Amino acid sequence: MNLENTVKFHSPKSPQFTDSPRATASEGLTGTDVMGSFGMVQSRSALGFTAFSGKMDLSENDKRKAIQLLTQHGLKHCDKVAALRKLETKVKGKVVQTLATFAFASWSRSAATPGARCKDCHGTGRACDREKTEESGVFTEKECNRCSGVGYSKLPGKSVYRGVAYALSADQWKRGVSQFYDSLISELDKSENHANSMLRIVTTSFE
Ligand SMILES: [Zn+2]
């Protein structure tokens, strides 16, 4: 079982997991097994699990919690960047929280996010390979250049910088802070993968 499979165990009306017999029949898992597994993954891989639930719009609470956990992670590591280290404690907290909020929003984007769909490939991630098509006379596709094949655009760095420009210069943003911002997005990827492996481990015993 992976995180994608957990979506059907959520009730659309509440952030609680449902014990729906339809969902359990297809997986051979009882609702109680599943809820127990979720609890275990949530405690061992809190950021990955809440970030995934938040991204899938399963719970507003998970969105807030994921941003909060990512902020905590960021505060632990931000002093490696000189420009952030020099900030006053209160300002630093606000800046890191803003960066975590943007990082989560950018990470949660998909081709379905309003305004995020790639203009070149319209969300498909594939584009016509003109050179090969002309050469061979057969319509050939390649990965879309603009979005690197994901079908949507990440939040532009410019908008992220605007959110913290009151505390950081454009130069500071370029030299360290934007890299730190990117590391927050990588942390979300890493945490989601970790939560997925945890879920696989704890549900294997039921399959
Ligand atoms: Zn594209």
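This is a predicted model: local features need pLDDT of at least 70, side-chain atom pairs count only at pLDDT 80 or more; totals for chains, interfaces and linings use all residues.

User: Is R130 buried or exposed?

Analyst: The relative accessible area decides, and over 50% counts as exposed. R130 has 62%, so R130 is exposed.

User: How many helices and strands are in the protein, and in what order do the elements run?

Analyst: The protein has 10 helices and two strands. Read from the N terminus, the order is α-α-α-α-α-α-α-β-α-β-α-α. Of its 207 residues, 40% are buried. Among contacts with a separation of 6 or more, 63% are between residues 24 or more positions apart.

User: How do I read a metal site, and which residues are the donors of the zinc ion?

Analyst: The protein donors of the zinc ion are the SG atoms of C118, C121, C144 and C147, at 2.3 Å from the ion. The angles among the four donor atoms are 102 to 116 degrees, and the site is tetrahedral. Four donors count as tetrahedral when all angles lie between 85 and 135 degrees, so this range qualifies. The spacing of the donor residues is C-x2-C-x22-C-x2-C.

User: Which parts of the chain does the pair C118 and C147 link?

Analyst: The pair links distant parts, 29 residues apart. C118 is in the loop between helix 7 (89-108) and strand 1 (126-128), while C147 is in the loop between strand 2 (141-143) and helix 9 (157-164). Both C118 and C147 are buried.

User: What about a charged residue that is buried; which side chain of opposite charge is nearest to R109?

Analyst: Look for a partner within 4 Å, the cut-off for a salt bridge. R109, in the loop between helix 7 and strand 1, is buried but has no salt bridge. The nearest side chain of opposite charge is that of D57, 12 Å away. Leaving aside neighbours within four places in sequence, R109 contacts A116, Y152, S153, K154 and L155.

User: D57 has come up; what is its phi, and where is D57 placed?

Analyst: Phi is positive, about 60 degrees, although D57 is not a glycine. D57 is in the loop between helix 4 and helix 5, and is exposed, with a relative accessible area of 55%. S148 also deserves a look: phi there is positive at about 55 degrees, and S148 is not a glycine either. S148 is in the loop between strand 2 and helix 9 and is partly exposed, at 48% relative accessible area.

User: How do I read a nonpolar core, and how many residues does the largest one have?

Analyst: In soluble globular proteins, nonpolar side chains tend to be buried together. Here the largest nonpolar core has 29 residues, and L84, L99, L168, W173 and V177 have the most contacts inside it. Helix 4 (46-55), helix 5 (60-77), helix 6 (82-85), helix 7, helix 9 and helix 10 (170-204) each give two or more residues to this core. Not counting residues up to four places away in sequence, V177 touches V81, A83, L84, L99, L168 and Q172. A second, separate core has 12 residues, including M1, L3, F49 and F52.

Terms used:
Residues are numbered from 1 along each chain as its sequence is written. Side-chain values use heavy atoms; hydrogens and water are left out. Donors are N, O and S atoms within 2.8 Å of the metal (3.2 Å for Na, K and Ca); water is not among the atoms, so sites may look incomplete. Four donors count as tetrahedral if all angles lie between 85 and 135 degrees; four count as square planar and six as octahedral if opposite donors are over 155 degrees apart and all others between 65 and 115; anything else is irregular. Helices (H or I, at least four residues) and strands (E, at least two) are DSSP runs, numbered from the N terminus. Buried means under 20% relative accessible area, exposed over 50%, partly exposed in between (1.4 Å probe, protein chains only). Lys and Arg count as positive and Asp and Glu as negative; His and the chain ends are not counted. Contact means heavy atoms within 4.5 Å. A nonpolar core is a set of buried Ala, Val, Leu, Ile, Met, Phe, Trp, Tyr and Cys residues joined through side-chain atoms within 4.5 Å.
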